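Student: I've got a structure open on my screen and I'd like to know what the words used to describe it rest on. Could we go through it together?

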Amino acid sequence: MAYRKVCDSQGGPLVGEVCPGALELDWDLDKEELPEAGPDLERLQMQHVDCPRADPGPDPDPEFMEPIPPSVSVSPHGRFERLQEDPNYISHFTRGSGNKGQRRLHCFLLRYFIAGVGLFILGLLIGWFLHSPSSVKPKALPPESLDLLEELLTRITADKIEALQRSISSQSDSSEEARARYLYHQWVGLGLTDVQLSNHTVLLSLPGLAPNTITDRSSLKCYLPTGESCDQGGANAASNQHFSYAAYSAVGALQGEVVDVQYGSVEDLRKVKRDLNLTRSNQIAVMKLGRAPLLYKLSLLSELGFGGALLYVDPCDAPQGQNMWSQAFNVTLNPGGNPTRVGVSKEAAGSLSSLLVQPISPVLAQTLLSAPITERDEACIPLATPPNTDPKMITLTVGNQWAYKKIYSVIGYLKGKKNPDRHVLVGSHHDAQRGGGASAILTELIAAFSDQTKKGWVPDRTTVFCSWGGSALGNIGSYEWGKENSVVLQSSAVAYVSLDCPVRGTEMLRASASPSLLQLTSDIHRRQLLSCIRGGNCPGPNVSSLQMPGDSSFFSNLLAVPTLEFSFQQTAADQTSSLLSEAQFSVDSPQTLDPLFKFHETIAKMTAEAILRLVTDPVLPFFTLDIVLDIQNKLRDKSSVLPALLSAASSLRDHAAFFQSEVMRPANDPKERDPAHVRMLNDVLRDMEKSFILPSAPPGVYRNLLYSLPGSLPQFSILRFPEDALLFCNNSHIRTQSANQEVSRPLSHDQEVSHDLSCSGSRDQALELILGAIRSADRLICFGQELFENYPSERK
């Protein structure tokens, strides 16, 4: 089976031939402006396997191109369609070296002049119609897949999800073990033949017997984290404590001065450092959530010498219509998994930070900062300490306790037939404090797919349904199971479909996906909006590749497994509110959020369609061009990146375009669909994102380069922190000098990690890592092309 490079009849050359016209892709990396690396960049050069490529000609000027929305997949849809998804695929690519129609037309003109003129006019009309944009058909699933999808969606109803949720919540024992065992028996009863109940003994950080407190030294008034007076908390104090502590914080009492650091950004901390003496360890930061990951900001505070941190959500950042003034919340300082894996023990106080950390309500933050009181009808004013205000002295007491306990996860398998060793994981949690609804949706999906298997349908790939324990304390269940099975998952995991918090609100339908799955996610999102539950009055597609909270982080961040998630939220995420998911509030029940369970039904149906595509499509619905487009968006500011980096991105663009357009086509042709060829192709598609895993990253930042932190402009996450490195390293010198005077405690684990990462990291080193990742992906594509072009064929 030999494949040759072809030209796009609608545009310019792909690779290997020169064709008339120009293919108008959505690219803005001007190849003619990409200079070769000079001698000063020799240290950034890596050994690179080049693929043969022809001169593609000049790109369109980026100054005259429409900007590419970073939140929507922009793969050249319709120009690089696969055969099974586009019945008119052959009209997009022509293999003939000459136009037989024209030769035939000349012949007719010579023989029959009058008839020839008529045929010529008719041919022009037909050609115009075939190539008009309106004639391009949208992607469609094969008829058998459409029938199965229709049956699945009909099987999933709001009433069934509501009944499952009522059954789960009616259990008398609400412990995690009881929930896990209940789900285990439910899944077995639904027909899953292989269901496992796994458990791991881990070190947990739990609320203390007495509430944590904050005492104003000037007035001697004691406050609970919610802002209530300690002597007025009464019986509610113990129950509220469950929702107002920082897991794995240091414990003890600290008397210190309150310092307003706003969001704890680099600019905020530079201003604080300039105005105050930060060499003392008894200062307590009052900090807002948002703008950057919490673990990263806490590591900055620790390096600057703070002894404690009070965390709150500014009411101006809260979702519209949600009153958070008197609400405290939980956070976890655990980046993932069992803390004992990083050398923390119960005897060593079990903390993952040297800071005493405590979440508080905005009401208490307003009191401690002496911020002006805002009337209800006035515009929202962000909380801040007024100028020339004397700081308060407080005593912060944190009394968390530690215990070794078992956490339970439920794993069920729906075995595939053609590729049983390729796994699509579908995961949710069963933590009571994370809110309900997810377990009911997951169980309904199992019931729907099991019903189809009883009718004789068998998926091509194995579906692994997972309900995780310990999610609220750092995604412990998913990390522990994932590490136990990491060797197998490296080669078997195809994708992870998340149901972490499917209904967080009712205002905005949002989707998150890795770049490989942006196209699939966008297609499902658009189809859902056509039959929107609001009667058609719905916003456009809202899809992005931001870091996803929850149990999917192990698979997307450490294993580079392509991941997607659908959810309803209260408002659209921006650079502040999208990180507020780090705060775990006391959530409303699913019945309160969604009384009719229509939102739950919508998420279940969208998730079912994604699972069906991932377990049945002969070629995985991954799009290499979307990865390259994502890289292009992140390198849009050419003045701040190296020419060698732009050149590598241009090379990857060329090879990915050919790979997606030509190599994928034969695998989708039923007459040429060789199982071994398809399997090799899918392995290349699956491994594409693995090229972008970094050896390390700052605390709270994904090691997977393809996931972004929220911000106004798309950018590689590790390029947002080189300036912070200067703050870290310069201040570490100050701390060393002052250590003999005032600070004598050793650096904790998070301080050592953040110090090493920051002082060894610089912008040049970050660019070098990005360059290596792009070249690694390019080599993988080149390998795939050579493999498929040289693949032997038994057909003549």
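Student: How do you know how far to trust the prediction, and what is the average pLDDT of the chain?

Tutor: The chain averages a pLDDT of 76, on a scale from 0 to 100. A score of at least 70 is reached by 67% of the residues. Over residues 53–74, though, the pLDDT is below 50, even though the model has 50 contacts for this stretch beyond near neighbours in sequence. Residues 725–761 also stay under 50, with 60 contacts beyond four places in sequence. Where pLDDT is low, predicted coordinates should not be read in detail.

Student: What makes S514 count as buried?

Tutor: The cut-off is under 20% relative accessible area. S514 has 0%, so it counts as buried. You'll find S514 in the loop between β17 (508–513) and α14 (518–530).

Student: Which side chain does the side chain of S514 make a polar contact with, and why is it called that?

Tutor: The partner is the side chain of E689, at 3.0 Å. A polar contact needs N or O atoms within 3.5 Å, one able to donate a hydrogen and the other to accept it, so the 3.0 Å pair qualifies. Leaving aside neighbours within four places in sequence, S514 is also in contact with S545, P562, T563 and Y707.

Student: K288 is a lysine. Is K288 buried or exposed, and how do you know?

Tutor: Buried: its relative accessible area is 1%, and the limit is under 20%, so K288 passes. K288 is found in strand β8. Its side chain reaches the backbone oxygen of L383 at 3.1 Å. Beyond residues up to four places away in sequence, K288 touches several others, among them Q262, Y263, D314 and P382.

Student: And what makes Q765 partly exposed?

Tutor: Its relative accessible area is 37%, between the 20% and 50% limits, so neither "buried" nor "exposed" applies. Q765 is found in helix α23 (residues 763–789). Q765 and L719 are 46 residues apart in sequence, and their C-alpha atoms are 9.8 Å apart in space.

Student: Now the sheet with β5 and β11 in it. Why are these two strands said to stand at the edges?

Tutor: The order is β5-β4-β12-β7-β8-β9-β11, an open sheet of seven strands with mixed pairing. β5 (221–223) and β11 (356–359) each have a single partner strand, so one side of each is left without a neighbour in the sheet. Neighbouring strands here are turned by 30 degrees against each other on average, direction ignored.

Student: How do you know that β4 and β5 really pair, and how many bridges join them?

Tutor: At least two bridges are needed, and β4 (residues 213–216) has three to β5, so the two count as paired. They run antiparallel, and I214 has Y223 in β5 as its bridge partner.

Student: Which helix lies across β8, β9 and β11?

Tutor: That's α9 (residues 294–303), which runs at about 155 degrees to β8.

Student: Why is helix α12 called mostly covered?

Tutor: Seven of the nine residues of α12 (476–484) are buried. Among them are Y479, E480 and W481. The buried residues pack against several elements, including β3 (194–206), β13 (401–414) and α13 (486–492).

Student: Last one: how many residues does the largest nonpolar core have, and which have the most contacts inside it?

Tutor: It has 98 residues, and the ones with the most contacts inside it are W187, I631, L635, F692 and I774. L635, for one, touches residues including V641, L645, F716 and I774. A second, separate core has 45 residues, among them V261, L298, L304 and M324.

Technical notes:
Residues are numbered from 1 along each chain as its sequence is written. This is a predicted model: local features need pLDDT of at least 70, side-chain atom pairs count only at pLDDT 80 or more; totals for chains, interfaces and linings use all residues. Side-chain values use heavy atoms; hydrogens and water are left out. Helices (H or I, at least four residues) and strands (E, at least two) are DSSP runs, numbered from the N terminus. Axes are lines fitted to C-alpha atoms, for helices over the stretch in contact, and angles run from 0 to 180 degrees between N-to-C directions. Contact means heavy atoms within 4.5 Å. Buried means under 20% relative accessible area, exposed over 50%, partly exposed in between (1.4 Å probe, protein chains only). A nonpolar core is a set of buried Ala, Val, Leu, Ile, Met, Phe, Trp, Tyr and Cys residues joined through side-chain atoms within 4.5 Å.
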